[in-house]
Amino acid sequence: TGYDGIEIEPAHLHADPASLAPARRREIRRTMEGEGLRCPGLHSFLKAPAGLHLTTSDAAVRGKSWEYFARLVDLAADLADRPVMVLGSAKQREASAGAATRDAVARLTEGLRGLSAHAERRHVCILVEPLAPHLCNVVNTLAQAMEIVRAVGSPAVQTIFDTHNTAGETETAPELVERYLPFIRHVHLNEMDGRRPGAGNYPFATLLRTL
């Protein structure tokens, strides 16, 4: 198909992806490399096992979730060299059960701050992904993502630009890229409805020229 790599969703590998044995991790990596592919990193990485939530008011669940996140940092590091981890995971970060969005953002920031040193040691970069408002109520713009990035203050926590998730933005894609490029470590190209590039009418040429 012309692609050079595969961004992996861990739940597609195993129902408990952090439990994958070292030998299996090496096998997955060898398989990709044997086909001429590389893994840029992980995406949607808290869907399995069930019950994880990064911003819940339940401290026990939250602690378990961040601990599992740390184990997935190790998985990412084993599957790729200097990988990214795209922190979309809408259902695992949203403010739910009547919680205030500001509290969820504070817990997300606190958790990333606590995880950042481990990510730095493993040469993994966690990317706070703005999500469209209809997908999640926590971090809907690059400006909001950057508030977290700056609060954490670690090279292991940066951000991502995703065309599909710009529904909540007031600036154009080129304006956003020019403003935040030093912190954008990864780019996703989708039509606004999530389909592949070219299936709709998103002005990708303008964005790519800016990049």
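Reply: Helix axes are lines fitted to C-alpha atoms over the stretch in contact, and angles run from 0 to 180 degrees between N-to-C directions. Helices (H or I, at least four residues) and strands (E, at least two) are DSSP runs, numbered from the N terminus. This is a predicted model, in which local features need pLDDT of at least 70 and side-chain atom pairs count only at pLDDT 80 or more, while totals for chains, interfaces and linings use all residues. Residues are numbered from 1 along each chain as its sequence is written, and side-chain values use heavy atoms, with hydrogens and water left out.

Me: At what angle do H2 and H4 pack?
Reply: The contact, meaning heavy atoms within 4.5 Å, is made by residues including Trp-66, Phe-69 and Val-73 of H2 and Leu-108, Gly-111 and Leu-115 of H4. The axes of H2 and H4 lie 10 Å apart, and the angle at which the two helices pack is about 35 degrees.

Me: Is H1 roughly parallel or oblique to H2?
Reply: Angles under 35 degrees count as roughly parallel, over 145 as roughly antiparallel, 65 to 115 as roughly perpendicular and the rest as oblique. Helix H1 (residues 22-34) and H2 pack with their axes 9 Å apart, at an angle of about 40 degrees. That angle therefore makes H1, relative to H2, oblique.

Me: Is the crossing of H1 and H2 left-handed or right-handed?
Reply: A crossing is left-handed if the near helix is turned anticlockwise from the far one by less than a right angle, and right-handed if clockwise. Where H1 passes H2, the crossing is right-handed.

Me: Why is the pair of Trp-66 and Phe-69 called stacked?
Reply: Rings of Phe, Tyr and Trp (its six-membered ring) pair if their centres lie within 6.5 Å, and planes under 30 degrees apart count as stacked, over 60 as edge-to-face and the rest as tilted. The structure holds three aromatic pairs. In the pair of Trp-66 and Phe-69 the ring centres are 5.3 Å apart, and the pair is stacked because the planes are at 10 degrees.

Me: Is Phe-69 buried or exposed?
Reply: Buried means under 20% relative accessible area, exposed over 50% and partly exposed in between, with a 1.4 Å probe and protein chains only. Trp-66, three residues from Phe-69 in helix H2 (residues 59-79), has 11% relative accessibility and so counts as buried. Phe-69 has a relative accessible area of 0%, so Phe-69 is buried.

Me: What is the angle between the planes of Tyr-202 and Phe-204?
Reply: At 14% relative accessibility Tyr-202 counts as buried, and so does Phe-204 at 11%. Their rings form an aromatic pair, 4.7 Å centre to centre, that is tilted, with the planes at 45 degrees.

Me: Is Ala-97 buried or exposed?
Reply: Ala-97 is in the loop between helix H3 (90-93) and helix H4 (101-121), and although it is not a glycine, Ala-97 has a positive phi of about 55 degrees. With a relative accessible area of 86%, Ala-97 is exposed.

Me: Where does Ser-44 lie?
Reply: Ser-44 has a positive phi, near 50 degrees, in a residue other than glycine. Its relative accessible area is 13%, so Ser-44 is buried. Ser-44 lies in the loop between S1 and H2.
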